[in-house]
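Here is a short tour for a first look at a two-chain model. Keep the view open while you read.

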Amino acid sequence: MTAPAAPTVPTVPAVPAADLRPVRATWRPTPAHTRATVAGLFLVVFGVMVRRPELLVLGTPLLVVSLWSFTSRPEREPVVAAGPRHLTLREGQATRWVAEVQPQRGAEDVGLALMGTPHTEFDPASRAVAASMDGTGPTSVAVACRSVRWGRRELGPAVLGISSAFGAYRWAPDVVASQPVTTVPLPDHFSARVPVPRPDGLVGQNRSHHPGDGGEFADIRQFRFGDRLRRVHWPVSIRTGQLHVTATHADQDSEVILLVDAMHDIGASQGVGGRSSSLDNSVRAAGAIAEHYLRTGDRVGLHVLGARELPALDSAAGRNHLRRVLDTLARATSADGTVADEKRLRGQLRHRVPAGALVIVLTPAISRDVLGHALALSRRGISVITIDTLPPELASGTIEPQLLETVLPQATESPEASSLAWRIRLLEREHEMLRAREAGVPIVPWSGPGTLDIVLRDLGRRSRAPRVVSR
Amino acid sequence: MSSMSLSHRLLRTVVALASLGLVALVYAAGGGLNLMAAALVLGTGYAVRRPESVAVSVLVIAHAVHWAVSAPMPEGLGPWLALLAGAWLVLLLHVSASAAVTWPAVAPVPRAALRRWGLRTLTVALATVPVWAVSAATRDQSLRGEVSMTYVALAALTLLCGALYAMARQAPRTRR
């Protein structure tokens, strides 16, 4: 695992301090105050009654502390606002969980402790801070939280406490819960120089098969009514004696549909800079592909297969849509492998795919249904590319024991049998992938920029050739 | 204890030293019960580990009882000075145990707070001196008065203290 990168500041604006969630509780006497009062009174009164000056002297400081605490007790509830300063982060970015306390007579000490959150690094690492209120201005205590993995998580909850003199009275809500923070995936670097095979939309940057306004030469044909004069090809017109124009292919946008297989999450997920699971690879690759095509003006749709309560995202274009795609990816969770999950998957696989769309399936190829769906789409004449997102260290037959535990939890009990089982599953997977390749579904491992170039070129060539499809 | 901040370790060390110092002081003052001293040492260990528990209250009362039942009546400056030191150690035990539960154990205690707590503890320690001095000065004097009135005064003092305790138990008025 590489050393964690320094946290970066989020690009989204911070939640203003005034908009943080107010926290309510009441002041209560602490056991320390009860101790000082009861023990002090008992020793002083009993010492006087039985004429024992030792008890009187020993009890006096406790009684003085009790009286001091009582006379300087706070009379009002403090005004406290608490919560994370950012509700949306990118992987590796940090925010601060802040509690801001307005000055209040009698309130003197503030303590804040956050419970642990998965895939989050804290500064200080103890997740606890303390501060002394000087009474002149608001006192702010904060714990920096760096999210190292995409997802939607609640930071905390937190335990917050404000104390009066000698810790005699304490203002402490049970726990302070906050809104969940969405960490959108940090997309891998991705670019594709080869255009999408069959663009079939409106204005875009991909050369389509249709004639129209564009930059790529298609033909020289006779002039027709409506052709622009600047398209007239004068050498051919003079030679033939009839007006000819230069025809071009139309530049159109294309529709890219991303199918993210969340039926399984295989491998260990250590966040940014660490090991990635199959779902990590799928989500980051989907983010990168969506970012690339949306920047080039194409339309991108997203279906997370197997995820609960995550509606499909219809194809659209633009920067706002990129935010929607990343937000949807951040909410993806892997299925539990129950019958209900399989039913849901079957429903999700019945989605509409328009002609001319490019379907990119991101899958570890463990779920037969997803690979079968890619095959069915290909048979319908739709351009389909499958990206293998199984982590490379898990795809080999010889797998480290600690990695095997991330795939098969029972590997600690019977390591040899588990290793054998995983090798058999890999062989089956290889066989299924081979069948899919032979049926015309290209499968490529995710490797960042240029991952899709070769297969897109092949698909483009294939789309121009005659073929038989089943509708 | 391993994840505790240095300042919290120091606070708990002060709790332990104050409690053990009280045990030693009783022996130095000519008293001390071995069985009770052993129980106090064990109780100190528990109170250091759990300063938020009722063990600290029991420990404070037990120290006072240990002193009262075993040490002789103070006579002369030395035993009286030992009693004053004992009162300060009781104060230190209570305050350090209170401070140990005021902030999260893993967070370092702010210096300003430590300074404020220290100054206040010193003030309370000084406020104890007049009571100690009056007790020492009037120890051998026989005050005239009626016995019945003395008990009435004690009953009134008890009622006053009870009322004070009841007020202390109430949460302060909360105005928003």
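## A predicted model

This is a predicted model. Treat every position below as part of that prediction.

## Chain B: the overall make-up

Chain B has six helices and zero strands. Along the sequence its pattern reads α-α-α-α-α-α.

Of the 176 residues in chain B, 35% are buried. Now take the contacts in chain B with a separation of 6 or more. Residues 24 or more positions apart account for 79% of them.

## Chain B: helices H1 and H2

Start with helix H1 (residues 6-28) of chain B and helix H2 (residues 34-49) of chain B. Their axes lie 9 Å apart, and the packing angle is about 170 degrees. An angle over 145 degrees counts as roughly antiparallel. H1(B) and H2(B) are therefore roughly antiparallel to each other.

Which residues meet? H1(B) brings B:Arg12, B:Val15, B:Ala16, B:Ser19, B:Leu20 and B:Val23. H2(B) brings B:Ala37, B:Leu40, B:Val41, B:Thr44, B:Ala47 and B:Val48. By class, this contact of H1(B) with H2(B) holds nine nonpolar, two polar and one charged residues.

## Chain B: helices H3 and H4

The next pair is helix H3 (residues 55-70) and helix H4 (residues 77-102) of chain B. Their axes come within 10 Å and cross at roughly 175 degrees. That makes H3(B) roughly antiparallel to H4(B).

On the H3(B) side, the contact is made by B:Val56, B:Val60, B:His63 and B:Trp67. On the H4(B) side, B:Gly86, B:Val90, B:Leu93, B:His94 and B:Ala97 take part. The contact of H3(B) with H4(B) has six nonpolar, three polar and no charged residues.

## Chain A: domains

Domain 1 covers 17-26 + 77-184, and domain 2 covers 31-71. Domain 3 covers 203-252, and domain 4 covers 255-464.

Look at domain 1 and domain 4 of chain A. Their centres, taken over C-alpha atoms, are separated by 38 Å. Eleven residues of domain 1 are in contact with nine residues of domain 4. On the domain 1 side, strand E10 (151-153) and strand E13 (181-184) of chain A are the elements that give two or more residues. E13(A) supplies the largest share of that side, three residues. By class, the domain 1 side has three nonpolar, five polar and three charged residues.

## Chain A: strands

E13(A) also pairs with other strands. With E10(A) it runs antiparallel, joined by three bridges. There, A:Gly151 stands opposite A:Thr183 in E13(A). With strand E4 (residues 88-90) of chain A, E13(A) pairs in the parallel sense over three bridges. A:Arg90 has A:Val184 in E13(A) as its bridge partner.

Elsewhere in chain A, five strands form an open sheet. Their order is E2-E12-E11-E6-E8, and the pairing is antiparallel. The edge strands are E2 (27-29) and E8 (128-132) of chain A, each pairing on one side only. From one strand to the next, the twist averages 25 degrees. Within this sheet, strand E6 (residues 109-114) of chain A is joined to E8(A) by five bridges. A:Ala113 has A:Ala128 in E8(A) as its bridge partner.

## Where chain A meets chain B

How many residues of chain A are in contact with chain B? The count is 52 residues of chain A, in contact with 57 residues of chain B. On the chain A side, the elements that give two or more residues are E2, helix H1 (31-49), helix H2 (53-71), E6 and E8 of chain A. H2(A) gives the largest share of that side, 15 residues. The chain A side divides into 32 nonpolar, eleven polar and nine charged residues.

Finish with A:Phe42, found in helix H1 of chain A. Is A:Phe42 buried or partly exposed? A:Phe42 is partly exposed, with 18 other C-beta atoms within 10 Å. A residue needs 20 or more to be buried.

Next, locate A:Gly318. A:Phe42 and A:Gly318 are 276 residues apart along the chain, and their C-alpha atoms are separated by 75 Å.

Methods: Residues are numbered from 1 along each chain as its sequence is written. Chains are lettered from A and ligands numbered from 1 in the order in which they are written. This is a predicted model: local features need pLDDT of at least 70, side-chain atom pairs count only at pLDDT 80 or more; totals for chains, interfaces and linings use all residues. Axes are lines fitted to C-alpha atoms, for helices over the stretch in contact, and angles run from 0 to 180 degrees between N-to-C directions. Helices (H or I, at least four residues) and strands (E, at least two) are DSSP runs, numbered from the N terminus. Angles under 35 degrees count as roughly parallel, over 145 as roughly antiparallel, 65 to 115 as roughly perpendicular and the rest as oblique. Two residues are in contact if their C-beta atoms, placed from the backbone, lie within 7 Å. Ala, Val, Leu, Ile, Met, Phe, Trp, Tyr, Cys and Pro count as nonpolar, Asp, Glu, Lys and Arg as charged, and the others, Gly among them, as polar. Domain bounds come from an automatic or database domain assignment. A residue is buried if 20 or more other C-beta atoms lie within 10 Å of its own, exposed if 12 or fewer, and partly exposed in between; C-beta atoms are placed from the backbone. Two strands pair if DSSP finds at least two bridges between them.
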